[in-house]
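Trainee: I would like a close look at a single part of this model. Please keep it brisk.

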Amino acid sequence: MSTDLHGRTERLELSDQNLRDFEAVVLDATPEGIVLSRSAFYPGGGGQPADHGVLIWQGVETRIVGVRKGDDLHLIPAEGDPIPPAGTAVRAAVADERRSALMRTHSGLHVLCGVVFRDYGCLVTGGNMDELSARMDFNLPEVPPGFKEAVEDACNAEIVADRRIDVRVLPRAEAFTIPDLIRTATNLVPETVQDVRIVDIVGLDTQADGGTHVASTKQIGRIRVAKIESKGRGFRRLRIQISD
Ligand SMILES: [Zn+2]
């Protein structure tokens, strides 16, 4: 396993997606951002927004409302909250309801991606998500009759099948021997990345991905394809909603 470092911060959520509480030491702190020795806050990326949460230290609380990625990971404090000085030991908690909803949503998008690729051969051109709602863009010049219902049914069949969702890290050369690893129309893994994190919905979809996911498809809930929009020049946007 590689060490999951961003700048000086060890990223705990990459190897333990269920971790919500942890302890750390403040390395650097300004009103613009707090750098911790270790963090389970997902910093955002791959369409998944950053976590929220709280730092608890010396009897006070600092609410965290976002993360900024630079040379270091900067946890963004809520305006006006007290800032723990460098050297302070903190307890931290990632807001569970938001993160858990985003994990279900992110995994739901991978199910959608896998189904649309398997059944229609479409590549993804973009996507974004919020808690329990998401959109994904595909290169799909013509919408076949019954497409919306067929995609929704196929996604929910994959959820009922309760496929395992495995995360592993492979050396770049090995990762790119996996067929169809990069489902997106362009290769999004930079040349400098030597270890590639793989999210595998076993038997359905394998992607290079840095996000957080549930452990099996049943944990997603139900997927509803809410809307299909034309984005011009052969592109379609699918909007989905996740429910229990
Ligand atoms: Zn993803």
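Trainee: What covers the buried residues of helix 2?

Mentor: The cover includes helix 1 (96-120), strand 15 (222-230) and strand 16 (235-243). Some ground rules come next. This is a predicted model, so local features need pLDDT of at least 70, side-chain atom pairs count only at pLDDT 80 or more, and totals for chains, interfaces and linings use all residues. Residues are numbered from 1 along each chain as its sequence is written, and side-chain values use heavy atoms, with hydrogens and water left out.

Helices (H or I, at least four residues) and strands (E, at least two) are DSSP runs, numbered from the N terminus. Helix 2 spans residues 147-160, 14 residues in total. From first C-alpha to last, helix 2 reaches 20 Å, close to the 20 Å expected at 1.5 Å a residue. That expected span is 1.5 Å times one less than the number of residues.

Now the buried set. Buried means under 20% relative accessible area, exposed over 50%, and partly exposed in between (1.4 Å probe, protein chains only). In helix 2, Phe147, Val151, Glu152, Ala154, Cys155, Asn156, Glu158 and Ile159 are buried. An α-helix has 3.6 residues a turn, so residues three or four places apart point the same way.

Start with Phe147. Its relative accessible area is 1%, so Phe147 is buried. Rings of Phe, Tyr and Trp (its six-membered ring) pair if their centres lie within 6.5 Å; planes under 30 degrees apart count as stacked, over 60 as edge-to-face and the rest as tilted. This rule gives two aromatic pairs. One of them joins Phe22 and Phe41: centres 6.0 Å apart, planes at 80 degrees, hence edge-to-face. Phe22 is in strand 3 (residues 21-30) and Phe41 in the loop between strand 5 (38-39) and strand 6 (53-57), so this pair ties together parts 19 residues apart in sequence. Tyr120 sits in helix 1 and Phe147 in helix 2, so the pair links distant parts of the chain, 27 residues apart. Tyr120 is partly exposed, at 29% relative accessible area.

Helix 1 also holds His106 and His110, four residues apart, and therefore separated by about one helical turn. Both are buried.

Finally, the end of helix 2. Asp162 follows the helix, and its phi is positive, near 50 degrees.

Terms used: Contact means heavy atoms within 4.5 Å.
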